[in-house]
Amino acid sequence: MHGRPRKASKPEDEAASAAKAVKLRSLQSQFMTYHHEKIYTKEAIELSTKLLEINPEAYTAWNYRKLAVEDSLSRIESDPNSVKSILDEELRVVENALKQNFKSYGAWHHRKWVLSKGHSSTGNELKLLDKFQKLDPRNFHAWNYRRFVVELTNRSEQDELQYTDDMINNNFSNYSAWHNRSVLLSSLLANRVDGFIPEKKIPDEYEIVHQAIFTDPDDQSGWFYHLWLLAQTVNVESPLLTSSWPSHGSSVILSGAGCLIGSPFNVITFCSETGSVPLILYFDQAVGGVSSLTVTIDSELKGNENLVWEPISNKSSQVSCVWVARLKYLISEPCESKEYKVKVRLGNSPGIISSRGFNFSTPYEFVFTAHVHDTAKDSQERIVSWTDGFELWNAQSKDLNSLATSDQLNAGIDLKWRQAAIDSEIECFRLLADSKIGKLTLARLLMASEAMMSDAVVKGVHYEEILQLYNDLMALDSSHHHYYKDEHSVAFLHKVTSSSESLSRYLFRYRGMNNLVCLRLNKLSLSRIASVEKLLFVQMLDLSHNELHSTEGLEAMQLLSCLNLSHNRIRNFSALDSLRHVKQLKVLDVSHNHIGKHSVDTTRYLCSSPLSNSDWSQDDVRRQNPGLVTKYWDAYFVLRDLNLKQLDIAGNEIAGDEFNSFVLQVVPKLVWLNGQKPGN
Amino acid sequence: MSDLPPYPPLDPSNYDLIVVGTGVSESVSAAAASSSGSSVLHLDPNPFYGSHFAALSLPDLTSFLHSNSVSPPPSSPPIPPSNSHELISVDLVHRSLYSSVEISSFDSEILEEHSRRFNVDLCGPRVVFCADESINLMLKSGANNYVEFKSIEASFVGDSSGELRNVPDSRAAIFKSKSLTLLEKNLLMKFFKLVQSQLAKSDDDTTTVKISEEDMESPFVDFLTKMRLPPNIKSIILYAIAMLDYDQDNMETCRHLLKTKEGIDRLALYIKSMGRFSNALGALIYPIYGQGELPQAFCRRAAVKGCVYVLRMPITALLLDKETGGYKGVRLASGQEIFSQKLILDPCINVGLESLSSLTDQQNETLRVLVPKAMINKEKIARGICVIRGSVKSDVSNALIVYPPKSLFPEQLTAIRVLQLGSGLAVCPADMHVLYFSTLCKNDDQGIKALLSAMGNLIRLPVPESDSVVENVTCEAKPLLLWRALYVQELVKGEFGGVISSMPSPDENLNYKETVESAVKLYEQIMGSEELFKEETSLENTTEENEGGVEIDEN
């Protein structure tokens, strides 16, 4: 059934199929007449049998038979023997139809329908399935039906697992068998059935799949199963807090809008016109239910009893990895700077639940100190430069530790067997590192190993190897170059953020404004952003001269006020959509990208279109300039939601007088456009 | 031969072809000739079909081996070529193929009770490969209607430790193998894939990896080394899949160093055999009731096409034309003289040396293939048969076991093959098994020694009570020996002699590939280059379901 080359049809075959078509057509029209006139005589039913045995895909005929069965059942008044004979006849028709085409959806559905009526014995079903699965062991219809029968007959999952064993032993190139195995094991492990403990079973499964992968690395079925096993090894059920800002034990200086003179060098200074500071919670998986009921704040700062927690997600869903609340600190009258302790507690009352339904079950709390300062006078009018005014971070681990977030990972998790499993996998797949998939798997395993490592001494040892593996893959397999490139970027950013020492090489202070904490990751040929959870404190980010297509991931960096994306591969404003969540963003440089270069841009269709947006018609800009909004709608939606003071779009196809004036209409508060004050 | 019943004279007494002996090659020739319309007389001195390929009961086998191991004294005093009529008659002598025959019974009582329930091969160990030329010929001739096969369930590689490891000969077998490391599995499967792509290649296809011409001409063993296959896997490929005999790593003793090209051909046969019949378990099958069924099937086919059969009928002399020295006919043991255009003979039939001296050059030329050749420095094959109680491997009845060179003892120069067959094949009573052993050897002692070593590895010899205490611990699991035959067989090649041709003896191979190929070649030489069984189309096959049987069917 698989791997058989298609043969060109011979003229005599074509003639035969034409003759068959004529016969089929006349059968069909006769059948339709019966159907429409609701004739359920013996003769009419036999005609449908004939039709289905020739063409099992005639779905109408199956439905007709269902009606016919209902009709005859209603007339015989529950004589069990007659009921049985009617239903047995249906099973026989289905079996014949399946012999003709055992991939017919209609036939399999009809069989399920007959069985669900009860009365029929289910004993023969598995035997019939064995017959069909012998013909084509991968046929997913048969596997689906098998699961249905198994459920109906209460056959044990262990027996079914044994069946997948047998099928895999016959021919391990069987996606359906491996898949069914993963389904059965998930259930057995989740229900903690006798002996089915992850730390015992998962290593056994690795051992089985190794046999398949090493015997034939070109066969994908084993690799799929291996990927599933890896996910079972790495993923923890209940969600955990990966990081937060502010982090535990840190201090922040909070002030009003403007520039604070002489802000201390080693503490983060945060200025805001609105007098509120974001609190960021970053979970290891998407969760819902974060609210003032599940997260409690103890603080002397007034008015923060019922904080509103917002999920930061591009999809308007109520689950997200990142949740933000705005803590108010605005001081109405000038006073001396004052210190406040803020304690955040979560997990004490249930409610935070992962999208897969697991509870955030490990209570966690963190405390930070807020120094609230007087509002400074000097409001920001000066242009932010990306060339001058940077000072390398004073690489003292102490300062960084207060920024680098402590995470809850590894807390109370049975890491030991997981690490052992990953370690033995790494050892194993080093042997297969001469194949592409072997290299990719090794790279994935090494990444998983890094993610689980808690020992600071050995953490980060694998990154060089991972980066080399992805470099090799890019050279070997050009058709998947973009994927490898993205993974390379992810690994590189993991490496950068793996220790304070490596991170400090890219960290600066920007003297031009409040000694902002600036991370400069320019000229690194990054194509994707990652490790954002470790960079929540960054206020100024330089990603210029990379190969980024999108700002996805940056939405978590709620402190970000300056962003340089110049000289990247941004193709349109929709790619900047995630920045709409970054309310602090004042300075954005997207010069020298590809915006407007590609007239047909498929990514535009993935985003919300002007027509689907409900609130846009009430807008002034829309009313005054309907043509421009239609033309530049993607820019309009992004820029409208930002509070930019400085924007650079030069060096893009889109840039020009028309677009510039449109931008000024959408963002009237803009102070600097393309390095100049508008109107001058 | 005085006890022969008086035989009615044969009518007619003139044929296109006379074939003497009912071995595989002779039977194929008889069937081919009769199906192409020739009149054929097929004779055999024995009371059974198959000659040296026969399957016999234990007493029959014993007496056959004994009677064929010594040259019988001439039945009558040598008569000088008689000059009656226009013909010269030249007396024939029987040449013995077997030596060092030794037959021992360890439990006569049980064996006597069951003696007729055995069908023991003379030419064992021998199996049929599903993609074997013999299967093709059977299908072409229709002889497949008379034979049923069953699969050999497993094949193993053994060594002196006594452990039998599965031969990883397919993707599924490699996957399941417990004795290979992950890396070995990887390398072996890669190698199989290379062979498969080599087989599937078309000449204008340059994208797939191919084996270079240079590699094809190099020794196969070197090529395997180049493919980074470790020694244990090399040995499996060479001796348990390609079924080689000689130690390919030992240049001094290896009489046949296989080239990569030939090695690939051998693997190809094995690989093609694996997938040929959907109801066969693996590459190897075996005819129910023994190998004797194969020649018999061809004979039955021949009989259907009009071939005349006479068993228990030796020929005593050849009749030559006095004038030209050309072949005319044969004299039967019954005394009747029968004439034919051509003659095909069993390898055991020779012309007596004393008769030769008195013949003319022309006459000698006619009889050239029947002149005994000097057997100096020729290899022989040592064969052994054991009847055991139990099985050498639990859960497995029909299995092939190979001991590669040097695996049993350091001086082991050639591979030893062992075939175990069970009652499912109707070759022995239930709860017993028949084991066949064979190995090539330079002399009888060497061959017998090697066989005994393999036997000791698998089987428990009945030992006197006093010794059994010591041996008991290690030997507990091994099956018990009931009966044993050891013999050494000469390897005689077939020879084309124009009018008179001689067919080969059973060869050293596990399968019939070379036997059948050479028979076809000889037949084409003898009868002109007609294609064998050209117009035969086997009738619509009645596919009966037989438990575990293999339907040989064209599909």
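**Chatting through the two chains**

Tutor: Let's begin with chain B, whose secondary structure comes to 16 helices and 23 strands. Keep in mind that this is a predicted model.

Student: Okay! What share of chain B counts as buried?

Tutor: Of its 555 residues, 55% count as buried. The accessible surface of chain B comes to about 23,600 Å², and 51% of that belongs to carbon and sulfur atoms.

Student: And what about contacts between residues that sit apart in the sequence of chain B?

Tutor: Take the contacts in chain B between residues at least 6 apart in sequence: 74% of them join residues at least 24 apart.

Student: Can we pick one helix? How far apart are the end C-alpha atoms of α11 in chain B?

Tutor: They are 16 Å apart. Helix α11 of chain B covers residues 293-304, and at 1.5 Å a residue its 12 residues should span 16 Å, so the two values agree.

Student: Nice. Which residues of that helix are buried?

Tutor: In α11(B), the buried ones are L294(B), P295(B), A297(B), F298(B), C299(B), R301(B) and A302(B). Just after the helix comes G306(B), which takes a positive phi of about 105°.

Student: Switching to chain A now. How many helices and strands does chain A have?

Tutor: Chain A has 21 helices and 18 strands. Its residues number 680, with buried ones making up 50%. It exposes about 32,300 Å², and carbon and sulfur atoms supply 51% of that area.

Student: What order do the strands take in the open sheet of chain A?

Tutor: The eight strands run β11-β12-β13-β14-β15-β16-β17-β18, with mixed pairing. At the edges are β11 (390-392) and β18 (672-673) of chain A, each pairing on one side only.

Student: Last topic: which residues form the nonpolar patch on the surface of chain A?

Tutor: Y59(A), Y105(A) and F140(A) form it, with about 320 Å² of accessible area together. F140(A) is found in helix α7 of chain A, residues 140-153.

Student: Why does F140(A) count as partly exposed?

Tutor: Because its relative accessibility is 45%, and partly exposed lies between the buried limit of under 20% and the exposed limit of over 50%.

How values were computed
Residues numbered from 1 in each chain as written. Chains lettered and ligands numbered in written order. Predicted model: local features only at pLDDT ≥ 70, side-chain atom pairs only at ≥ 80, totals over all residues. Heavy atoms only, no water. Pairing = 2+ DSSP bridges. Helix = DSSP H or I, 4+ residues; strand = E, 2+ residues; numbered from the N terminus. Buried < 20%, exposed > 50% of the residue type's maximum accessible area, 1.4 Å probe, protein only. Areas by Shrake-Rupley, 256 points an atom, 1.4 Å probe, with all protein chains shown as cover. Expected span 1.5 Å × (residues − 1). Patch = residues over 30% accessible without salt bridge, like charges linked within 9 Å, V, L, I, M, F, W, Y side chains within 5 Å. Salt bridge = Lys/Arg side-chain N within 4 Å of Asp/Glu carboxyl O. Contact = heavy atoms within 4.5 Å.
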